[in-house]
Amino acid sequence: MDFPDTTDLSTALEMAQAEQRLAAAETPTRLCEDWRFGRPHKYAAELVALMEQADNRGSVTVTGADDAADAIDKDDRAEELLLHTIGSDKILALHLAHFGKGAVLFLEKEYSAPITITYETDGVFLPTTLIIAAPGAKAHIIEKHVTHGAGAIVCTRLIHAEGGADIAVELEEGGSGESRAMNITNIRSVDATVRHLTRHSKHAWAREETIAEVLHSEPDSPADIQLYSANRLGGHEVLDQHTHQIHDVGHSTSNLLYKNVADEHATATFAGNIRVEQGAHHTDAYQANRNMLLSEDATVHSLPGLEILADHVRCSHGSASAPMDEEELFYLLSRGIPRHEAQVLVADGFLTDAIAKFRGE
């Protein structure tokens with residue numbers, strides 16, 4: 001299968017220079033603003049140590065893609081050189097150096113059933129996902145990361161959609177309670193619609209970086225990127241989420257809704273930024289982070305932000321963190337539902353909103 005050339009690095013010299021630039025990057029420290037509240041002295045250093053000795057023990061399975069799927073190997077690393085990170089160039093450099101295969105989808109039609117990509121490991125696995133949606137393509141992709149024991153999955157992901165394509169990508173990140181995970185995701189829309197949902201469960205620590213960029217948009221058919229996340233955290237779980245919504249051109253929309261339920265000693269951190277570049281007039285962008293705390297020992301950090309360099313835009317952001325609604329809980333308790341079960345129902349209802357919006361319900 002022939003795939004389009006999506007890289008601007010056309011020579012071996014340019015590739016070598018890019019790799020050297022990434023390799024020169026330092027492990028994030030407390031002074032790295034993009035790792036604020038992310039405990040880089042512990043988690044970033046731990047992840048770098050794991051990646052430096054990665055055994056890349058893991059499996060890749062793709063179902064429902066017909067002939068649209070292919071494997072990625074070390075010869076396909078050039079695409080990663082173009083990825084943006086949010087303070088994690090060192091992680092990307094190590095990913096390049098210890099590449100661990102992956103999957104590529106080139107979508108040219110409408111798929112009636114979901115396409116599933118599954119990565120599974122009990123060690124340290126560094127896969128890559130590349131999804132390219134051609135004009136008019138329509139698909140729902142479910143990407144599953146399953147980590148056993150004290151293993152880790154560090155995944156780089158590129159989602160590129162063009163010409164009226166409409167794709168939905170759902171990332172399900174599941175661990176063992178001792179596992180770690182990190183995803184560096186770049187989403188690029190050229191006159192297309194992309195919906196993206198992440199769900200994390202049972203990781204000792206997970207970091208998610210999502211950079212969504214509108215590269216071209218027509219006034220009569222605006223590009224649209226929608227970002228959603230719904231996570232329930234307990235124990236001592238740590239979830240560190242960072243997002244950038246970048247509008248390079250006007251007449252485009254983006255929307256973000258991230259929701260977390262934090263119980264026991266869990267920690268949830270969200271840092272998001274909407275940037276509207278000069279000349280990107282008539283941009284419509286929104287960002288919301290909502291958190292429910294079920295324990296006085298749970299911690300939430302929320303840092304939404306805006307950078308507006310254009311006129312005639314509609315951009316806003318919001319953040320809210322609060323305990324469970326006692327009236328909702330009382331309603332369920334009064335009908336004989338045990339307290340713990342009632343709390344689960346209220347928490348699930350709180351998260352369902354983001355999932356329903358992703359599904360268009």
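Leaving aside neighbours within four places in sequence, R180 is in contact (heavy atoms within 4.5 Å) with E46, L50, A150, G151, A152, I153, H203 and W205. This is a predicted model, in which local features need pLDDT of at least 70, side-chain atom pairs count only at pLDDT 80 or more, and totals for chains, interfaces and linings use all residues. Residues are numbered from 1 along each chain as its sequence is written, and side-chain values use heavy atoms, with hydrogens and water left out.

**Overall make-up**

- The protein has five helices and 19 strands; helices (H or I, at least four residues) and strands (E, at least two) are DSSP runs, numbered from the N terminus.
- The radius of gyration, taken over C-alpha atoms, is 20 Å, close to the 21 Å that the globule rule gives for 361 residues, so the protein is as compact as a globular protein of that length. The globule rule is 2.2 Å times the number of residues to the power 0.38.
- Along the principal axes, the C-alpha trace spans about 65 × 50 × 45 Å.
- Of the 361 residues, 52% are buried; buried means under 20% relative accessible area, exposed over 50%, and partly exposed in between, with a 1.4 Å probe and protein chains only.
- Among contacts with a separation of 6 or more, 86% are between residues 24 or more positions apart.

**Confidence**

- The average pLDDT (the predictor's confidence in each residue, from 0 to 100) is 88, and 93% of the residues score at least 70.
- Over residues 1–10 the pLDDT stays under 50, and the model has 24 contacts beyond four places in sequence for them.
- Where pLDDT is low, the predicted coordinates should not be read in detail.

**The open sheet**

- Nine strands form an open sheet with mixed pairing, in the order β1-β4-β7-β9-β11-β13-β15-β17-β19. Two strands pair if DSSP finds at least two bridges between them.
- The edge strands, β1 (59–63) and β19 (314–323), each pair on one side only.
- From one strand to the next, the twist averages 10 degrees.
- Helix α5 (residues 339–358) packs on the sheet, where it touches β7 (138–147), β9 (166–174), β11, β13, β15 (253–262) and β17 (284–293). The direction of α5 makes about 165 degrees with that of β13; axes are lines fitted to C-alpha atoms, for helices over the stretch in contact, and angles run from 0 to 180 degrees between N-to-C directions.

**Strand pairs**

- β4 (residues 115–121) and β7 pair in the parallel sense over seven bridges, and T118 stands opposite K144 in β7.
- β7 and β9 run parallel and are joined by nine bridges, with A139 opposite I167 in β9.
- β11 (residues 193–201) and β13 (residues 224–233) run parallel and are joined by six bridges; the bridge partner of V194 in β13 is I225.

**Helix α2 and two buried residues**

- In helix α2 (residues 43–52), the buried residues are Y43, A44, L47, V48 and M51. Seen down the axis of α2, they fall within an arc of 130 degrees, so they line one face of the helix; the arc is that of the directions from the helix axis to the C-beta atoms.
- These buried residues pack against α3 (89–97), β8 (152–162), β10 (180–190), β12 (205–216) and β14 (238–247).
- R180 lies in strand β10 and counts as buried at 11% relative accessibility.
- V261, in strand β15, is buried with a relative accessible area of 0%.
- V261 and R232 are 29 residues apart in sequence and 4.7 Å apart in space, C-alpha to C-alpha.
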